[in-house]
Amino acid sequence: MKHSTNRLFSLGAIVAAALMAGCVPPSAIKPVDNLSQIDNGKVIVVGKIELTPELEPDEQVLGSSYEEYRNLALVITDTELRQPADQLGIGALTRRINAPLGDNFFVSHEAQPFFILRSWLVMNAEIKVVSPNYVHVPGNAPLLGMFGIDVQPDDRAIYIGTIRYHRDTFFGTEKVEVIDNYQQAKNEFASKFGEQVQLRKSLAMPVMNN
Amino acid sequence: MKGWVKKTHCFNGLTLLAVALLAGCAFSGGGRSIDDPTSSLVFGYMDMEEAPTSMDYVKLQQVAPRSEAGYWDMGTDDGIMYNQYVPPGSFKVAHFGGSSFLMGEHRYSFPTYGRNATAVTIEVPGIYFIGAYAYQEVDTGFFEADKFSIEPTENPSEKELLNTLLTMDWVEGTQWESRIKNRLAELQ
């Protein structure tokens, strides 16, 4: 017998069956648009996240309050290598790169080596009225693979490559590639920040499977 | 593969009654005939010895092709889970649950995204054994949600489970009588 999970009953309990309604913390890793936003001790990190097959238009179910997560990878980083949590938690979000899928991101990061621990896609986030017995199942899809990023003391900007996650039918991560699109990134970097800062190639290095 | 445990009630007589009615029940196949030759039998086993409750229901998630409903009920009987109406596609056990008088109602859920051990892709109609597993608790921190894992076991075997399925009422006089026997012959 098929069962629909979409029929939710209004019995008085309002649940944000969603990504932490209203309490997503800001990230310490900010997007940058010009060099004046780069303080001493910071470096511009340039890279791209891709997913293949790409998300279908209706695959993410996001309420109007959560549109900012459409086609966005939340790339969880840390300066220490550790096993990431099974679920996307508030704490992890404080060191995330917001990476629009398929586009280069430009963010500022402390000028020290760091690790990409895991990336996440918000697949199901909406506010809805449900029964008291409703069991919320987290609607975030993990993209597995840990990477080390080398940052040298004299770096002003680094290019980490395109991290391409291949997913299977179950949204499992089948394979991860790091692709070198340096020239394309360099051109975009130059048009955004000028020629005065060198973009050093420092491709993400896989460190272990997770 | 780890999942998490949700306790939904301490005690609720109506819920227990409903679960009792569901337990081991026959179920329809979303409008599909039991003799539909395009159907597959998907079955497995869960040893709930270490779990707080028995396994009274199992939900099979239809991952692909994506559908509005998305889930199929599996019949349960003493640890066996099965559905004999499954169309071609990709499926995995999404969650299962049960209740006991002392422990209340529990639901054991796997992550919605990503594979788990029960994942199966059906391209050709047939009989698909998704494995035999034992429920195990996972130690968690004081403020963490309860978690569980399922560990593969060798017993009961596919053959033993098919022999048990063969004795069930829904099999007699249907296509499944011969299809299960044919599969058993292959396993000899």
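In this predicted model, Thr77(A) is found in strand β5 of chain A, which spans residues 72-78. With a relative accessible area of 1%, Thr77(A) is buried, because the cut-off for that class is a relative accessible area under 20%. Once residues up to four places away in sequence are set aside, Thr77(A) touches Ile29(A), Arg95(A), Ile97(A), His109(A), Phe114(A), Phe115(A), Ile116(A) and Leu117(A).

Chain A contains two helices and 16 strands, and 47% of its 210 residues count as buried. When contacts in chain A between residues at least 6 apart in sequence are considered, 78% of them join residues at least 24 apart.

Turning to chain B, helix α2, which covers residues 158-166, has as its buried residues Glu158(B), Leu161(B), Leu162(B) and Leu165(B). These residues lie on the same side of α2(B), because the arc that they cover around the axis is only 100°. An α-helix has 3.6 residues a turn, so residues three or four places apart point the same way. In chain B, the buried residues of α2(B) pack against the strands β2 (40-47), β5 (80-86) and β9 (127-138), and also against the helix α3 (175-187).

In soluble globular proteins, nonpolar side chains tend to be buried together. Here the largest nonpolar core has 43 residues, and those with the most contacts inside it are Leu41(B), Val93(B), Phe96(B), Leu165(B), Trp170(B) and Ile180(B). Strand β9(B) gives the most to this core, contributing six residues. Apart from this core lies another, of 29 residues, which includes Ile116(A), Leu121(A), Tyr165(A) and Phe171(A). Returning to chain B, Ile180(B) is in contact with Leu41(B), Ile127(B), Leu162(B), Leu165(B), Leu166(B) and Val171(B), when its neighbours within four places in sequence are left aside.

The surface of chain B also carries nonpolar side chains. Phe101(B), Leu102(B) and Met103(B) form a nonpolar patch there, and together they have about 400 Å² of accessible area. Leu102(B) counts as exposed because its relative accessibility is 76%, whereas Thr77(A), at 1%, is buried.

Technical notes:
Residues are numbered from 1 along each chain as its sequence is written. Chains are lettered from A and ligands numbered from 1 in the order in which they are written. This is a predicted model: local features need pLDDT of at least 70, side-chain atom pairs count only at pLDDT 80 or more; totals for chains, interfaces and linings use all residues. Side-chain values use heavy atoms; hydrogens and water are left out. Patches are made of residues with over 30% relative accessible area and no salt bridge: like charges are joined within 9 Å, nonpolar side chains (Val, Leu, Ile, Met, Phe, Trp, Tyr) within 5 Å. Accessible areas come from the Shrake-Rupley method with a 1.4 Å probe; for residues, only the protein chains shown count as cover. A salt bridge is a side-chain nitrogen of Lys or Arg within 4 Å of a carboxyl oxygen of Asp or Glu. Buried means under 20% relative accessible area, exposed over 50%, partly exposed in between (1.4 Å probe, protein chains only). Helices (H or I, at least four residues) and strands (E, at least two) are DSSP runs, numbered from the N terminus. Contact means heavy atoms within 4.5 Å. The arc is that of the directions from the helix axis to the C-beta atoms. A nonpolar core is a set of buried Ala, Val, Leu, Ile, Met, Phe, Trp, Tyr and Cys residues joined through side-chain atoms within 4.5 Å.
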